[in-house]
Amino acid sequence: MTRAVIFDLDGVILDTEEVWDAVRQKLVLERGGRWSESAQADMMGMSSTEWSRYMHEELGLAEPPEEIKREVVRRMLDRYAEHLPLIDGAKAAVMRMAGRWPLGLASSSNRELIDRALELSGLAPFFRVTVSSEEVERGKPAPDVYLETARRLDVDSSRSAAIEDSASGIRSAQAAGMLVVAIPNRAFPPPDDALALASIVLQSIRELEPELLDARSDSSRLAQ
């Protein structure tokens, strides 16, 4: 039986993957780095420690990773202040799930960005626990951030459902032993081998209903 539901943030609640891409690409080009077509896909799911190091070592930014991270986060906060790209239907879906289960958030975003996004969207009261991948040893696709979120919720990870959009996120939640609900990111869709790890695949977060998880739990019990 599902005991908790854990959401990703970027790509599930916020339509920010292209914003991250634009902010980091602009910074790389401004600072004389080498942007590559694979850079955004490579950095999806990485913690801030990991992607700032990637930008320094792989994309050629001369500044140290900590300085790179601060500047990217500053620019993302500016974007949020101008317009928070909340995905249509996301707030209602979070509220539906919060009516049935305790909610957690397992995000690759920095703590400051998580807190600001939930504050601006009005969603902060619905999440009992939020964890940034910068607070664990490894970012997605490692399971660390999902395992830590389940631990703080005091639920077994195998009794948790994860809502994800990206390949790295799907792999992270599946490695944590969770039931994975995939809502494929339209700008950076996960490949078929990642989608195959999901128990449920939806086209939109508007389709996310508690009954979907109930039905999956019922079918799993019957299979046993």
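A cavity here is a set of points, on a 1 Å grid over the protein atoms alone, where a 1.4 Å probe fits but cannot get out. Grid points are joined across faces, edges and corners, and a volume is the space filled by probe spheres set on the points. The model is predicted: local features need pLDDT of at least 70, side-chain atom pairs count only at pLDDT 80 or more, and totals for chains, interfaces and linings use all residues. Residues are numbered from 1 along each chain as its sequence is written, and side-chain values use heavy atoms, without hydrogens and water.

Six strands form an open sheet in the order 3-2-1-4-5-6, with parallel pairing. Strands (E, at least two residues) and helices (H or I, at least four) are DSSP runs, numbered from the N terminus. Two strands pair if DSSP finds at least two bridges between them. Strand 3 (129-132) and strand 6 (200-201) are the edges, each pairing on one side only.

Strand 1 (residues 4-7) runs parallel to strand 4 (residues 160-164), joined by four bridges. Ile-6 has Ala-162 of strand 4 as its bridge partner.

Now the cavity. The structure holds one of 30 Å³ or more. About 180 Å³ of space lies in the largest cavity. Its lining (residues with an atom within 4 Å of a point) numbers 20 residues, with Asp-10, Glu-17, Met-44, Gly-45 and Ser-108 nearest the centre. Helix 1 (17-30), helix 2 (39-43) and helix 8 (167-175) are the elements that each give two or more residues to this lining. Helix 1 supplies the largest share, three residues.

How values were computed:
1 Å grid on protein atoms, 1.4 Å probe; cavity = no way out; pocket = protein on both sides within 12 Å on 5 of 7 lines; lining within 4 Å.
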